[in-house]
Amino acid sequence: MSWLAMGQTSSRWRNWLPSSMAAKEYGLTFDQIEYGIFLGLIEFRNMGNMGKLLNREDVEKNLGFLKSLPGRIWFYKTEVMRKYRLTRNQIDMALEAGLVRYKVVKNPHYKRLPAVRLVIMDVEENLERIRAFPKYTEREVERRKVYAERSRLRDELEFYCPRCKRSIRPPRGSRSFEDAWSGSLTREEALEKLIIAHYRHLHTDYDSARNDVDRWVKPEEVKRLTGVYKSFKEFLAFYIGWKEEMDREEREYYIAIIRQLRGIATERAKRHFSYVARKLAEEDGLLKPREENKSA
Ligand SMILES: [Zn+2]
């Protein structure tokens, strides 16, 4: 049975009408109705998914007032922040001080984080006072300071790569950057490492060459680790061909050897291509030739 049918057939329901019908019948917006409820002017019953049932008498009694309200009353906190250029802290303090009426609602984007909706008229009326509140909490100030300092360090560790024809900033999660941040590397040392790493990854064959394990590990070394095989390629082919027949422990044993061989190859490739990268960076004038290179 629809609400409409209920309203017409049962006297028990006659004085109650769903808010969607009230909106249509009395020419109100949902915000105007909700505001009436919020102010305690309209008695209501919550019907879960079906919305709210309103006391018709209350709606009629307050109709003039409800109609005099702006069509949109409830604004999300983030909307208010954007609209009036306020910060989160300023709004939080306004709510705490009781300057702005608000309600906590379900967040349309993040289910776990409730959203706050504010009465826009209250914000407008108190705008000057709200603007006078501090923009940030002490913790925010501290956090922003750290962020600014890290940005500044990033700026300092930026360099222009003539081969890419653009400025290169330390990549996110860069170890050299973190070492410079913690002070275990000087700026100069970190910058040098960043330049070499950039050249190694982008301007040498390092990333593909290091996967060619046999280029870096001698046959006798492979044999010493694997017992039988003289090349990584051969050993890998054996593993892939037989792994289905191995039990877990055996598989793990061979995987560990594969990792170890790859690790040795990467280490040696890195050393070799870092040298190549340094030479390229020196040619480009980004790094000064080392003393030992001069004499050699
Ligand atoms: Zn480059």
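Modeller: Helices (H or I, at least four residues) and strands (E, at least two) are DSSP runs, numbered from the N terminus. This is a predicted model, in which local features need pLDDT of at least 70, side-chain atom pairs count only at pLDDT 80 or more, and totals for chains, interfaces and linings use all residues. Residues are numbered from 1 along each chain as its sequence is written, and side-chain values use heavy atoms, with hydrogens and water left out.

Colleague: What arrangement do the 4 donor atoms around the zinc ion have?

Modeller: Donors are N, O and S atoms within 2.8 Å of the metal (3.2 Å for Na, K and Ca), and water is not among the atoms, so sites may look incomplete. The zinc ion is coordinated at 2.0 to 2.3 Å by Cys161 (SG), Cys164 (SG), His198 (NE2) and His203 (NE2). Four donors count as tetrahedral if all angles lie between 85 and 135 degrees. Here the angles are 107 to 117°, which makes the arrangement tetrahedral.

Colleague: Is cysteine 161 buried or exposed?

Modeller: Buried means under 20% relative accessible area, exposed over 50%, and partly exposed in between (1.4 Å probe, protein chains only). Cysteine 164, at 23%, counts as partly exposed. With a relative accessible area of 0%, cysteine 161 is buried.

Colleague: With which residues is threonine 87 in contact, leaving aside its neighbours within four places in sequence?

Modeller: Threonine 87 lies in the loop between helix 6 and helix 7 (88-96), and its relative accessible area of 13% makes this residue buried. Contact means heavy atoms within 4.5 Å. Beyond those sequence neighbours, threonine 87 touches Met81, Pro134, Lys135 and Tyr136.

Colleague: What kind of pair do the rings of tyrosine 253 and tyrosine 254 form?

Modeller: Rings of Phe, Tyr and Trp (its six-membered ring) pair if their centres lie within 6.5 Å; planes under 30 degrees apart count as stacked, over 60 as edge-to-face and the rest as tilted. The count comes to 10 aromatic pairs. For tyrosine 253 and tyrosine 254, the centres are 5.0 Å apart and the planes at 65°, so the pair is edge-to-face.

Key. Four donors count as tetrahedral if all angles lie between 85 and 135 degrees; four count as square planar and six as octahedral if opposite donors are over 155 degrees apart and all others between 65 and 115; anything else is irregular.
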